[in-house]
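Grab the sequence and the model, and work through the exercises below. Each has a task and then a stepwise solution.

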Amino acid sequence: MVGSFLNVVIHRLPKMMELEWHQQCAELRGEDSVTTPKYNLMFPGSACPNCNHTIRPWENIPVISYIWLRGKCSECQSAISMRYPTIEGICGFLTAFAAWHFGFGLAAVGAILLIWALLALTAIDFDTQLLPDDITLPLLWLGLMFNMFNVFTDLSDAVIGAVIGYLVLWSVYWMFKLLTGKEGMGYGDFKLLAALGAWLGWKMLPLIILLSSLVGAVVGIALMLLLKRGRNIPIPFGPYLAGGGLIALFWGQQLTQGYLQLIAMP
């Protein structure tokens, strides 16, 4: 059910941001604000984008409805994107895995909330190359709040992690811009790494950056080779940060200890 709601967030939040930007631009130009139809995460109700058929409750059961409808709208028979059941399935699997991995308690609750946020950010960044402040900033504060109770790390490590997480990518951004005159990443990436630092502490940041960079490099090269994607086409970095954060969430301590033992060997 949460995965179904995340699909709504992924689709609507960027559109809501765009509407807000247009309104702000109109105000700056001194124009009268244009009245637009109400549009948010709750209204209007879900409908087929092709025929505007209102989705009935029994057509909106996560995963099951997609299978029952055979991946098509019940009214116009247009194809329903595979993204919807995919997000729902991934959300359900990761949520169950986090509950099993951490057991009953605050750690499981925090991990599940973090997973939901990272899943939404990943899909939004793939679609729009945006990491909305409406998700990244509350995620940062929520991580600090959980670590007030030493859930994943102590509070001082969490605060330092948030600061260092932001400054590391901020520094990379400005170094790249000064050297090339181009922007290598967006401000949302700084905030996402800061949020991951707030959740997992500063000691996990090198591992997160290493994992996300490796995955991003592999995927980027694969896209250029398989899809003939040009080097000048930007690739969002947020999904790889999210992936690195999830790996660090579940196995960060083991990976770090294994690495330290490896380099300590004669």
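**Exercise 1.** Take lysine 203: is this residue buried or exposed, and which side chain does lysine 203 meet in a salt bridge?

*Solution.* 
- Step 1: lysine 203 has a relative accessible area of 54%, so it counts as exposed (buried is under 20%, exposed over 50%, partly exposed in between, with a 1.4 Å probe and protein chains only).
- Step 2: the partner is aspartate 157, at 3.9 Å from N to O. A salt bridge here is a side-chain nitrogen of Lys or Arg within 4 Å of a carboxyl oxygen of Asp or Glu.
- Step 3: aspartate 157 is buried, at 12% relative accessibility.
- Step 4: Lysine 203 sits in the loop between helix 7 and helix 8 (205-226), and aspartate 157 in helix 6 (residues 155-180), 46 residues apart. Helices are DSSP runs of H or I with at least four residues, numbered from the N terminus.

A word on the ground rules: this is a predicted model, where local features need pLDDT of at least 70 and side-chain atom pairs count only at pLDDT 80 or more, while totals for chains, interfaces and linings use all residues. Residues are numbered from 1 along each chain as its sequence is written, and side-chain values use heavy atoms, with hydrogens and water left out.

**Exercise 2.** How many salt bridges does a search of the whole structure find, and which parts does the pair of arginine 83 and aspartate 127 tie together?

*Solution.* 
- Step 1: the search turns up five.
- Step 2: in one of them, arginine 83 and aspartate 127 have their closest N and O atoms 2.4 Å apart.
- Step 3: arginine 83 belongs to helix 3 and aspartate 127 to helix 4 (residues 106-128), so the pair ties together parts 44 residues apart in sequence.
- Step 4: arginine 83 is partly exposed at 29%, and aspartate 127 is partly exposed at 43%.

**Exercise 3.** Now try aspartate 133 and lysine 191: what is the N to O distance of their salt bridge, and is lysine 191 buried or exposed?

*Solution.* 
- Step 1: the distance is 2.8 Å.
- Step 2: aspartate 133 is in helix 5 (residues 133-147) and lysine 191 in helix 7 (residues 187-200), so this pair joins parts 58 residues apart in sequence.
- Step 3: lysine 191 is buried, at 18% relative accessibility, whereas aspartate 133 is partly exposed at 34%.

Methods: Helices (H or I, at least four residues) and strands (E, at least two) are DSSP runs, numbered from the N terminus.
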